[in-house]
Amino acid sequence: MRTTLKDLLKQKVVGKRFATFCFALRQGLEGLLKQRRGSLDHVCSSLSWVRRSPRIAGRPMNITIEPANVCNLKCPVCETGAGILGRPKAFMSYDRFRIIIDKIASHTNTLMFYYMGEAFLNKSAYDMIRYAKDRGIPFVTTCTNGDVIDPGRLVDSGIDEVSFQIGGITQETHQTYRIGSRLDKVLENLRETVRQRNARRPGMQIDCGFILMKHNEHEIAGFMALMRQMQVDAAVIVDPCVRTLAQARDFLPRDPSHWFYDPEAFERGILKPKVVPANDCPWIYYSLAIQVNGDVVPCCRDATGNFVMGNLLHQDLDQIWNGEKFQKFRARLLQKQDSISICRLCSGQGVSAIK
């Protein structure tokens, strides 16, 4: 049974949900006026979300795609780095990437060009970005460990935004988490990317994230100063994710204001988010993730591919997006979200913005 807006008002389920809906609707309407790609889908999906419908009237406009599920580093919290991803190691071919982009480009507003691996280990990565931009996708963003980037090719690819992420401002702190990485090489690549961007593509956004952990939290001021000197557009403190209590004890900073997790529950030996999802998730109405073999999963939390909804190499998007598997998954989330493993430690609450 679908919930109508009238029902929500009767139940007094307004507050945050209704305010978020109004914000999303306003964004979509503004996008329509400015003829932004994906705006009509954004509006239609917002209506489906507020009605809590397992079937969505709009199509996803935020897409995550996985160029590679392989990485050169051994970051212990990451499923890839820890060697527990449980999927065959692979690189997406350029031809397969084109097949997928051709199926999603007409309504994709934002393409996240990364997932469970280092995207730029894929030798076709720069050509893939260029293809996505040539197909008219307005905003393509990526995240990288920075070790294997070719700054010139990155700038020339047409990417709109890149985020380098480091684990410290000394080799000792950096490699505590970024195991196998050379900080001097990462900073050299970051500096050169900024230089070439300034010379040829001033509109390109370059950020650097500092993965905040117990062993490096004393370096925040130094990180900010270094990033000002390097002239990045944004220096971001990345609040850390962990998967287990043991990882929480090893890596979470001493300052709990940077935790996604409930400090009181942690003291009792329980790892849970500060904000526990309550049978609601806007993300599944606006976005999806595509793994390296073309499998579609509900979101980036499903790193191991436990909830495959279909495969874009063999199916059209509409067959998957409102297919039986996806509708059943959404219905389950809307009724008993705590039974879904990928939701239990999720920190991503809120509605994605159209760029």
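Let me start with Arg-59 and Asp-41, whose side chains meet in a salt bridge, 3.2 Å from N to O. By salt bridge I mean a side-chain nitrogen of Lys or Arg within 4 Å of a carboxyl oxygen of Asp or Glu. The pair links distant parts of the chain, 18 residues apart: Asp-41 sits in helix α3, and Arg-59 in the loop between α3 (39-50) and β1 (62-65). Helices (H or I, at least four residues) and strands (E, at least two) are DSSP runs, numbered from the N terminus.

This is a predicted model, so to speak of local features we need pLDDT of at least 70, and side-chain atom pairs count only at pLDDT 80 or more, while totals for chains, interfaces and linings use all residues. Residues are numbered from 1 along each chain as its sequence is written, and side-chain values use heavy atoms, with hydrogens and water left out.

Back to the first pair. Asp-41 is buried, at 10% relative accessible area, whereas Arg-59 is partly exposed, at 29%. Buried means under 20% relative accessible area, exposed over 50%, and partly exposed in between (1.4 Å probe, protein chains only).

In total the structure holds 13 salt bridges. Another one joins the side chains of Asp-102 and Arg-135, at 2.9 Å from N to O. Asp-102 belongs to helix α5 (residues 94-104) and Arg-135 to the loop between α6 (125-134) and β3 (139-144), so this bridge ties together parts 33 residues apart in sequence. Asp-102 is partly exposed at 38% relative accessibility, and Arg-135 is partly exposed too, at 33%.

What does Arg-195 form a salt bridge with? The partner is Glu-192, with the closest N and O atoms 2.7 Å apart. Both residues lie in helix α9 (residues 183-200), three residues apart, about one turn of the helix. Glu-192 is partly exposed, with a relative accessible area of 25%.

Staying with α9, its axis and that of helix α10 (residues 220-230) come within 10 Å and cross at roughly 40°. Axes here are lines fitted to C-alpha atoms, for helices over the stretch in contact, and angles run from 0 to 180 degrees between N-to-C directions. That makes α9 oblique to α10; under 35 degrees would count as roughly parallel, over 145 as roughly antiparallel, 65 to 115 as roughly perpendicular, and the rest is oblique.

On the α9 side, the contact (heavy atoms within 4.5 Å) is made by Leu-187, Leu-190, Arg-191 and Val-194. Helix α10 contributes Leu-226, Met-227, Gln-229 and Met-230.
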